[in-house]
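Here is a short report for a first look at a protein model. It goes from the whole chain to one residue.

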Amino acid sequence: MKKSVLVILGPTATGKSRLAVKLAKKFNGEIISADSRQVYKNLNIGSGKISEKDKRGIPHYLLDVAEPKHKFTVTEYKKLADEKIEQILLRDKVPILCGGTAFYIDAVTKGIIFPEVPPNKKLRAGLEKKSAEVLYNILKILDKRRAENIDIKNRVRIIRAIEIAKSLGKVPEQRQQKPKYKFIFVGLNLPNGELRKKISKRVDEMFKGGLLKEIKNLKKSGISDKRLREFGFEYFEPTPEKVINESIKYTKRQNTWWKKDKRIKWFSPKDFKMIESYISKELP
(Lines give C-alpha, C1' and ligand atoms only; values in the text may rest on other atoms or scores of the structure.)
Protein backbone atom coordinates (compact mmCIF):
# COMPACT_ATOMS: atom_id res chain seq x y z
CA MET A 1 0.00 0.00 0.00
CA LYS A 2 1.31 3.44 -0.94
CA LYS A 3 2.02 5.92 1.82
CA SER A 4 -0.21 8.98 1.89
CA VAL A 5 0.48 12.69 1.45
CA LEU A 6 -2.18 15.33 2.14
CA VAL A 7 -2.42 18.23 -0.31
CA ILE A 8 -4.18 21.43 0.82
CA LEU A 9 -4.68 23.88 -2.03
CA GLY A 10 -6.91 26.71 -3.16
CA PRO A 11 -6.94 30.41 -4.00
CA THR A 12 -5.31 33.13 -1.93
CA ALA A 13 -6.97 34.01 1.41
CA THR A 14 -9.08 30.87 1.78
CA GLY A 15 -7.38 29.76 5.02
CA LYS A 16 -5.12 26.98 3.71
CA SER A 17 -2.36 27.52 6.28
CA ARG A 18 -4.79 27.54 9.22
CA LEU A 19 -6.44 24.35 7.98
CA ALA A 20 -3.09 22.63 7.40
CA VAL A 21 -2.05 23.32 11.00
CA LYS A 22 -5.34 21.94 12.35
CA LEU A 23 -4.98 18.82 10.22
CA ALA A 24 -1.35 18.40 11.26
CA LYS A 25 -2.47 18.45 14.90
CA LYS A 26 -5.21 15.93 14.17
CA PHE A 27 -3.30 13.50 11.95
CA ASN A 28 0.28 13.82 13.29
CA GLY A 29 1.51 15.79 10.29
CA GLU A 30 4.27 18.17 9.25
CA ILE A 31 3.79 20.88 6.64
CA ILE A 32 5.64 21.58 3.39
CA SER A 33 4.87 24.99 1.90
CA ALA A 34 3.94 25.10 -1.79
CA ASP A 35 4.09 28.85 -2.32
CA SER A 36 6.39 30.46 -4.89
CA ARG A 37 6.76 33.68 -2.87
CA GLN A 38 7.16 32.19 0.58
CA VAL A 39 10.35 30.37 -0.46
CA TYR A 40 12.08 33.78 -0.35
CA LYS A 41 13.73 35.26 2.72
CA ASN A 42 12.64 38.73 3.91
CA LEU A 43 9.40 38.55 1.94
CA ASN A 44 7.12 37.88 4.88
CA ILE A 45 4.24 40.34 4.91
CA GLY A 46 3.96 40.54 1.13
CA SER A 47 3.76 36.76 0.77
CA GLY A 48 1.38 36.17 3.69
CA LYS A 49 3.91 33.92 5.39
CA ILE A 50 2.60 32.12 8.48
CA SER A 51 3.82 33.47 11.84
CA GLU A 52 5.61 31.36 14.44
CA LYS A 53 2.59 31.74 16.73
CA ASP A 54 0.18 30.47 14.06
CA LYS A 55 2.37 27.44 13.35
CA ARG A 56 1.35 26.18 16.82
CA GLY A 57 4.54 24.14 17.11
CA ILE A 58 4.02 22.27 13.84
CA PRO A 59 7.22 22.00 11.74
CA HIS A 60 7.01 23.92 8.44
CA TYR A 61 9.42 23.41 5.55
CA LEU A 62 10.42 25.26 2.36
CA LEU A 63 9.88 28.68 3.85
CA ASP A 64 12.83 31.12 3.57
CA VAL A 65 15.01 28.80 1.48
CA ALA A 66 16.10 31.29 -1.23
CA GLU A 67 17.48 34.80 -1.48
CA PRO A 68 15.14 37.24 -3.27
CA LYS A 69 17.78 37.97 -5.92
CA HIS A 70 17.91 34.28 -6.86
CA LYS A 71 15.14 33.03 -9.17
CA PHE A 72 14.12 29.86 -7.39
CA THR A 73 12.94 27.35 -10.00
CA VAL A 74 10.23 24.72 -9.89
CA THR A 75 12.96 22.12 -10.46
CA GLU A 76 14.71 23.26 -7.27
CA TYR A 77 11.38 23.23 -5.44
CA LYS A 78 10.48 19.70 -6.51
CA LYS A 79 13.86 18.32 -5.44
CA LEU A 80 13.56 19.82 -1.95
CA ALA A 81 9.88 18.91 -1.56
CA ASP A 82 10.51 15.28 -2.55
CA GLU A 83 13.32 15.10 0.01
CA LYS A 84 11.12 16.55 2.76
CA ILE A 85 8.27 14.13 2.01
CA GLU A 86 10.66 11.18 2.35
CA GLN A 87 12.07 12.52 5.63
CA ILE A 88 8.64 13.13 7.16
CA LEU A 89 7.43 9.65 6.19
CA LEU A 90 10.53 8.10 7.74
CA ARG A 91 9.47 9.72 11.03
CA ASP A 92 6.06 7.99 10.64
CA LYS A 93 4.32 11.32 10.23
CA VAL A 94 1.97 12.57 7.53
CA PRO A 95 3.42 15.06 5.01
CA ILE A 96 1.02 17.93 4.28
CA LEU A 97 1.76 19.86 1.09
CA CYS A 98 0.05 23.22 1.49
CA GLY A 99 -0.10 26.23 -0.81
CA GLY A 100 -1.51 28.02 -3.80
CA THR A 101 1.23 27.62 -6.41
CA ALA A 102 -0.34 25.12 -8.77
CA PHE A 103 2.85 24.48 -10.75
CA TYR A 104 4.73 23.52 -7.57
CA ILE A 105 1.94 21.17 -6.50
CA ASP A 106 1.66 19.55 -9.93
CA ALA A 107 5.43 19.09 -10.12
CA VAL A 108 5.37 17.01 -6.95
CA THR A 109 2.05 15.19 -7.24
CA LYS A 110 2.36 14.34 -10.94
CA GLY A 111 6.05 13.42 -10.73
CA ILE A 112 6.94 15.82 -13.53
CA ILE A 113 10.44 15.38 -15.00
CA PHE A 114 11.95 18.69 -16.06
CA PRO A 115 14.50 19.16 -18.89
CA GLU A 116 18.06 19.48 -17.61
CA VAL A 117 18.94 22.74 -19.32
CA PRO A 118 21.25 25.00 -17.28
CA PRO A 119 20.48 28.73 -16.97
CA ASN A 120 21.85 30.87 -19.81
CA LYS A 121 22.73 34.15 -18.07
CA LYS A 122 23.54 36.03 -21.26
CA LEU A 123 20.26 35.02 -22.91
CA ARG A 124 18.26 35.82 -19.78
CA ALA A 125 19.84 39.26 -19.45
CA GLY A 126 18.57 40.18 -22.90
CA LEU A 127 15.13 38.61 -22.45
CA GLU A 128 14.50 40.25 -19.09
CA LYS A 129 14.45 43.67 -20.76
CA LYS A 130 11.44 42.67 -22.88
CA SER A 131 7.73 42.83 -22.04
CA ALA A 132 5.62 39.73 -21.40
CA GLU A 133 3.88 40.24 -24.76
CA VAL A 134 7.16 40.36 -26.69
CA LEU A 135 8.48 37.33 -24.81
CA TYR A 136 5.30 35.40 -25.58
CA ASN A 137 5.62 36.16 -29.29
CA ILE A 138 9.24 34.95 -29.25
CA LEU A 139 8.16 31.69 -27.62
CA LYS A 140 5.30 31.29 -30.12
CA ILE A 141 7.81 31.42 -32.98
CA LEU A 142 10.15 28.94 -31.25
CA ASP A 143 7.52 26.50 -29.97
CA LYS A 144 3.86 27.15 -30.76
CA ARG A 145 2.68 24.13 -28.74
CA ARG A 146 4.35 25.33 -25.54
CA ALA A 147 3.12 28.89 -26.11
CA GLU A 148 -0.47 27.65 -26.20
CA ASN A 149 -0.12 26.11 -22.73
CA ILE A 150 1.68 28.81 -20.75
CA ASP A 151 0.53 31.68 -18.54
CA ILE A 152 1.05 34.62 -20.93
CA LYS A 153 1.67 36.99 -18.00
CA ASN A 154 4.29 34.85 -16.27
CA ARG A 155 7.53 36.35 -17.59
CA VAL A 156 9.73 34.03 -15.52
CA ARG A 157 8.12 30.89 -16.95
CA ILE A 158 8.11 32.24 -20.51
CA ILE A 159 11.81 33.14 -20.29
CA ARG A 160 12.58 29.64 -19.02
CA ALA A 161 10.57 28.11 -21.88
CA ILE A 162 12.49 30.23 -24.42
CA GLU A 163 15.75 29.17 -22.80
CA ILE A 164 14.82 25.48 -23.11
CA ALA A 165 13.49 25.86 -26.66
CA LYS A 166 16.69 27.58 -27.82
CA SER A 167 18.81 24.88 -26.20
CA LEU A 168 16.83 21.81 -27.32
CA GLY A 169 15.03 23.10 -30.41
CA LYS A 170 11.68 22.99 -28.61
CA VAL A 171 10.29 22.49 -25.12
CA PRO A 172 9.93 18.70 -24.69
CA GLU A 173 6.53 17.20 -23.97
CA GLN A 174 6.04 16.97 -20.24
CA ARG A 175 7.19 13.60 -18.89
CA GLN A 176 5.87 12.16 -15.66
CA GLN A 177 6.88 9.42 -13.29
CA LYS A 178 4.31 7.14 -11.70
CA PRO A 179 3.43 8.69 -8.30
CA LYS A 180 5.18 7.03 -5.37
CA TYR A 181 2.49 8.07 -2.91
CA LYS A 182 -1.25 8.31 -2.53
CA PHE A 183 -2.03 12.02 -2.71
CA ILE A 184 -5.21 13.12 -0.93
CA PHE A 185 -6.35 16.46 -2.33
CA VAL A 186 -8.41 18.95 -0.34
CA GLY A 187 -9.33 22.17 -2.14
CA LEU A 188 -10.67 25.25 -0.35
CA ASN A 189 -12.82 27.81 -2.12
CA LEU A 190 -15.32 30.56 -1.40
CA PRO A 191 -17.97 32.42 -3.41
CA ASN A 192 -16.45 35.36 -5.30
CA GLY A 193 -17.96 38.06 -3.08
CA GLU A 194 -16.80 36.39 0.12
CA LEU A 195 -13.36 35.74 -1.32
CA ARG A 196 -12.98 39.41 -2.28
CA LYS A 197 -13.85 40.43 1.30
CA LYS A 198 -11.24 38.01 2.66
CA ILE A 199 -8.61 39.34 0.26
CA SER A 200 -9.47 42.96 1.13
CA LYS A 201 -9.16 42.20 4.84
CA ARG A 202 -5.82 40.45 4.33
CA VAL A 203 -4.43 43.31 2.24
CA ASP A 204 -5.54 45.84 4.85
CA GLU A 205 -3.69 43.82 7.51
CA MET A 206 -0.60 43.65 5.26
CA PHE A 207 -0.43 47.43 4.95
CA LYS A 208 -1.06 47.94 8.68
CA GLY A 209 1.56 45.27 9.43
CA GLY A 210 4.33 47.10 7.55
CA LEU A 211 4.20 46.05 3.89
CA LEU A 212 5.60 49.38 2.68
CA LYS A 213 8.52 49.13 5.13
CA GLU A 214 9.23 45.57 3.99
CA ILE A 215 9.32 46.72 0.36
CA LYS A 216 11.62 49.63 1.29
CA ASN A 217 14.01 47.25 3.06
CA LEU A 218 14.06 44.89 0.06
CA LYS A 219 14.90 47.82 -2.24
CA LYS A 220 17.67 48.90 0.14
CA SER A 221 19.13 45.40 -0.07
CA GLY A 222 19.49 45.79 -3.83
CA ILE A 223 16.25 44.24 -5.11
CA SER A 224 15.01 46.10 -8.20
CA ASP A 225 11.42 47.25 -8.77
CA LYS A 226 11.32 44.91 -11.73
CA ARG A 227 12.34 41.94 -9.59
CA LEU A 228 9.82 42.88 -6.90
CA ARG A 229 7.02 42.96 -9.46
CA GLU A 230 7.92 39.41 -10.48
CA PHE A 231 6.79 38.21 -7.05
CA GLY A 232 3.19 38.72 -8.15
CA PHE A 233 2.27 41.87 -6.27
CA GLU A 234 2.10 45.46 -7.52
CA TYR A 235 5.18 46.69 -5.70
CA PHE A 236 6.18 49.61 -7.91
CA GLU A 237 3.59 52.01 -6.47
CA PRO A 238 1.75 49.75 -4.04
CA THR A 239 -1.70 50.78 -2.86
CA PRO A 240 -4.30 48.56 -1.19
CA GLU A 241 -6.54 48.78 -4.26
CA LYS A 242 -3.77 47.64 -6.63
CA VAL A 243 -2.74 44.76 -4.39
CA ILE A 244 -6.38 43.64 -4.00
CA ASN A 245 -6.96 43.73 -7.76
CA GLU A 246 -3.75 41.83 -8.51
CA SER A 247 -4.64 39.24 -5.86
CA ILE A 248 -8.10 38.73 -7.36
CA LYS A 249 -6.58 38.28 -10.84
CA TYR A 250 -4.21 35.72 -9.35
CA THR A 251 -7.07 33.75 -7.75
CA LYS A 252 -8.77 33.57 -11.15
CA ARG A 253 -5.62 32.10 -12.70
CA GLN A 254 -5.37 29.63 -9.82
CA ASN A 255 -8.95 28.46 -10.26
CA THR A 256 -8.56 28.19 -14.04
CA TRP A 257 -5.60 25.83 -13.49
CA TRP A 258 -7.38 23.65 -10.93
CA LYS A 259 -10.89 23.41 -12.36
CA LYS A 260 -9.87 20.57 -14.71
CA ASP A 261 -8.14 18.55 -11.98
CA LYS A 262 -10.52 15.76 -10.99
CA ARG A 263 -8.25 14.65 -8.15
CA ILE A 264 -9.37 17.57 -5.98
CA LYS A 265 -12.24 17.32 -3.48
CA TRP A 266 -13.52 20.85 -2.86
CA PHE A 267 -14.78 22.22 0.46
CA SER A 268 -15.69 25.48 2.11
CA PRO A 269 -13.08 26.57 4.71
CA LYS A 270 -15.89 26.36 7.28
CA ASP A 271 -16.41 22.62 6.72
CA PHE A 272 -13.64 21.31 8.99
CA LYS A 273 -15.66 18.32 10.23
CA MET A 274 -16.43 17.26 6.65
CA ILE A 275 -12.77 17.67 5.67
CA GLU A 276 -11.64 15.70 8.71
CA SER A 277 -14.11 12.91 7.93
CA TYR A 278 -13.03 12.77 4.27
CA ILE A 279 -9.33 12.53 5.17
CA SER A 280 -9.98 9.89 7.86
CA LYS A 281 -11.61 7.68 5.21
CA GLU A 282 -8.83 8.24 2.68
CA LEU A 283 -5.85 7.69 4.99
CA PRO A 284 -4.73 4.05 5.37
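## Contacts and basis

In the protein chain, 77% of the contacts with a separation of 6 or more join residues 24 or more positions apart. Contact means heavy atoms within 4.5 Å.

This is a predicted model: local features need pLDDT of at least 70, side-chain atom pairs count only at pLDDT 80 or more, and totals for chains, interfaces and linings use all residues. Residues are numbered from 1 along each chain as its sequence is written, and side-chain values use heavy atoms, with hydrogens and water left out.

## Overall build

The protein chain has 13 helices and eight strands. These are DSSP runs numbered from the N terminus (helices: H or I, at least four residues; strands: E, at least two). Along its principal axes, the C-alpha trace spans about 50 × 45 × 35 Å.

Of the 284 residues, 46% count as buried. Buried means under 20% relative accessible area, exposed over 50%, and partly exposed in between (1.4 Å probe, protein chains only).

## A look at T101

Where is T101 placed? T101 is in the loop between strand 4 (94–99) and helix 4 (102–109). T101 counts as buried because its relative accessibility is 7%.

T101 touches A34, D35, S36 and Y250, leaving aside residues up to four places away in sequence. The T101 side chain also reaches the backbone nitrogen of S36, at 2.8 Å.

How values were computed:
Polar contact = N/O pair within 3.5 Å; in protein donor to acceptor, adjacent residues only side chain to side chain.
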